[in-house]
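Good morning, and thank you for coming.

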Amino acid sequence: MDLYSGRINQLIEALSRLPGIGTKTAQRLAFHIINMPVDQARSLAETIVTARETICYCNKCWNLSDSEICPICANEKRDHRTVMVVETVRDLAAYEKTQKYNGVYHVLHGAISPMLGIGPGDIRLKELMVRLQTEDIREVIIATNSTLEGETTAMYISKLIKPSGIKVTRIASGVPVGGDLEYIDEVTLLRALEGRTEL
Ligand code: ZN
């Protein structure tokens with residue numbers, strides 16, 4: 001027997017499809033939304049739709065952006081000759097939060113995983129190689145995660161770039177093995193960046 005009317009159930013179900021939202025949280029959010037002033041609920045819904053429709057990927061680094069070039073790539077004060085390669089936009093955000101990295105990024109949107117059938121062609125690697133050929137880049141810092149996939153990806157990229165003579169470095173293993181960059185505190189991230197070694 002359904003506890004709530006169809007519309008409420010629909011809302012609870014829709015919310016519970018979001019990552020990390022269980023049924024209980026979905027119920028709490030649903031009741032919160034139902035009790036909101038209609039204007040506020042509409043504005044929330046419109047914000048979601050607008051974001052979904054207008055946010056795209058930066059043409060250069062594949063960061064999320066609402067313009068062709070993201071604010072990081074568009075910032076002339078940053079060092080465009082140093083590119084940090086990360087797996088996800090969340091990893092980029094983690095490094096940005098330290099406010100100590102002044103270079104630019106390249107977001108791969110994944111990592112090579114033979115087990116999951118994810119090959120070099122499935123991540124934004126080709127785009128990185130094009131950047132290396134067309135831009136004046138002096139150093140590529142590989143900041144993929146310390147997981148098997150992250151290490152495999154780091155090795156692959158380093159072998160690919162090496163012949164070009166561009167300096168390739170890997171962040172230090174201060175980042176724990178199996179660690180997801182996103183959850184590591186800023187001090188550890190900075191230590192990993194400062195202690196990077198040439199590959
Ligand atoms: Zn960008």
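Let me begin with histidine 109, which sits in the loop that runs between S4 and H6. Please bear in mind that this is a predicted model. Histidine 109 is not a glycine, yet its phi is positive, at about 60°. Its relative accessible area is 30%, so histidine 109 is classed as partly exposed.

A second residue belongs beside it. Glutamine 99 is in the loop between H5 and S4, and this non-glycine residue also has a positive phi, of about 55°. Is glutamine 99 buried or exposed? It counts as exposed, because its relative accessibility is 72% and the cut-off for exposed is over 50%. As background, most residues other than glycine have a negative phi.

A word on confidence. The mean pLDDT of the protein chain is 90, and 92% of the residues score at least 70. Strand S4, residues 103–107, has the highest mean among the elements, at 98, while helix H8, residues 186–194, has the lowest, at 77.

In general terms, nonpolar side chains tend to be buried together in soluble globular proteins.

Which residues does methionine 84 touch, if we leave aside those up to four places away in sequence? They are Tyr95, Tyr101, Val104, Tyr105, His106, Ile141, Ala143 and Leu193.

Helix H5 also holds alanine 94. Alanine 94 counts as buried because its relative accessibility is 10%, where the cut-off is under 20%. Between alanine 94 and tyrosine 57 there are 18 Å from C-alpha to C-alpha, with a separation of 37 residues in sequence.

Finally, the largest pocket, whose volume is about 210 Å³. Helices H1 (6–16), H2 (23–34) and H3 (38–54) are the elements that give two or more residues to its lining. H3 contributes the most, with 4 residues. The lining consists of Ala14, Leu15, Leu18, Leu29, His32, Ile33, Met36, Ala41, Leu44, Ala45 and Ile48. By class, 10 of these residues are nonpolar, 1 is polar and none is charged.

Key. Residues numbered from 1 in each chain as written. Predicted model: local features only at pLDDT ≥ 70, side-chain atom pairs only at ≥ 80, totals over all residues. Heavy atoms only, no water. pLDDT = per-residue confidence, 0-100. Contact = heavy atoms within 4.5 Å. 1 Å grid on protein atoms, 1.4 Å probe; cavity = no way out; pocket = protein on both sides within 12 Å on 5 of 7 lines; lining within 4 Å. Points joined across faces, edges and corners; volume = space filled by probe spheres on them. Nonpolar A, V, L, I, M, F, W, Y, C, P; charged D, E, K, R; others polar. Buried < 20%, exposed > 50% of the residue type's maximum accessible area, 1.4 Å probe, protein only.
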